[in-house]
Amino acid sequence: MSTSVTPTPASASARRDATRASSARASSARTPTPRRRSTLHRPQLIAAWALAIPFLLVFAAMFLVPLGYAGYLSTFTSQLVGGQVFSGLANYERALNDPSFWAGLGRVALFLFVQVPIMLVIALFVALALDTGRVAGSKFVRLAIFVPYAVPGVVATLMWGYLYGRESGLIAQVLTGVGLPAPDLLSPQNVLGSTMNIVSWEFIGYNMIVLYAALRSVPTEMYEAAEIDGAGPWRVAWSIKIPAIRSAILLTVIFSVIGSFQLFNEPNLLYSIAPNAIGSDFTPNLYAYNVAFRNQDVNYAAAIAFLLGFLIMIISYVVQLATSRKERLS
């Protein structure tokens, strides 16, 4: 008497799963593993280096080589007897004890802490106003504010220098015409403020464009949600727009710090108009230039330039570090 066993649904399902697994293993064993290919083929790699090498050569010739040569010069001292003599860090020690260097550095520090915040606040305010879309003739306003940046610095400084003139300057003539005394804007007490005004006039438009471009990349959904919740324009700007473009603001701050310590064109050109107000050591950059080309002491000038570069790197790093720490805490 024969007995037939009927498979249960569970056992049949288990056998089907085992069959599929074994067939999958066999298929994977038969299929060869594809070899990993390099991201760039050899012709593409050659083409990439061919395009990059000209830039690297120009960068090395115009930046790395002069920088290394300046560092080499800063370790020597020129003497009447013996010519160039290796002096190590003597030029750096001389610069750190030089009152003219510290006086120029103090003026630049004052310039940095007064002019840069004013310039960036105005640029940010204009960028926020233009981003709202409520400014009449926004395209014309944007172009009008940016145009001064397109004016060469030499032309801008000479133009403002003649506007500042106490005898024939436009500002003095307007004030005299309305019965007010004409101030001496190029006096030793006022020339730093006049320089701040020139630099602000030149670079407000540039910083405004950077901030405005960053604002245009912020999703509008964030604004709409805030407005639905009842937030006004000032609240939206302070709580949403400004935090969203924090990286762009940091970029403008770092560029402004670097530009402040590199201040040269404006005081150098104003020197020909007001030589009694601006001396040869008005800024460290101008002082290094005069030491190198008027006093013919290129070794000491190279040391001043290197100290200034180190100071710029330290301050830029501190600004970036403080901003990143604030972002982590928030």
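The buried residues of helix α10 (residues 233-244) pack against α4 (99-131), α8 (191-216) and α9 (220-228). Helices here are DSSP runs of H or I with at least four residues, numbered from the N terminus, and buried means under 20% relative accessible area, with exposed over 50% (1.4 Å probe, protein chains only). The model is a predicted one, where local features need pLDDT of at least 70, side-chain atom pairs count only at pLDDT 80 or more, and totals for chains, interfaces and linings use all residues. Residues are numbered from 1 along each chain as its sequence is written, and side-chain values use heavy atoms, leaving out hydrogens and water.

So who is tucked away in α10? V236, A237, I240 and K241 are its buried residues. Looking down the axis of α10, they fall within an arc of 125°, so they line one face of the helix; the arc is taken from the directions from the helix axis to the C-beta atoms. An α-helix has 3.6 residues a turn, so residues three or four places apart point the same way. Over on the other side of α10, you'll find W234, R235 and W238 exposed.

Now hop along to E266, in helix α12 (residues 265-273). Setting aside neighbours within four places in sequence, E266 is in contact (heavy atoms within 4.5 Å) with T157, T195, I198, V199 and E202.

Technical notes
Helix = DSSP H or I, 4+ residues; strand = E, 2+ residues; numbered from the N terminus.
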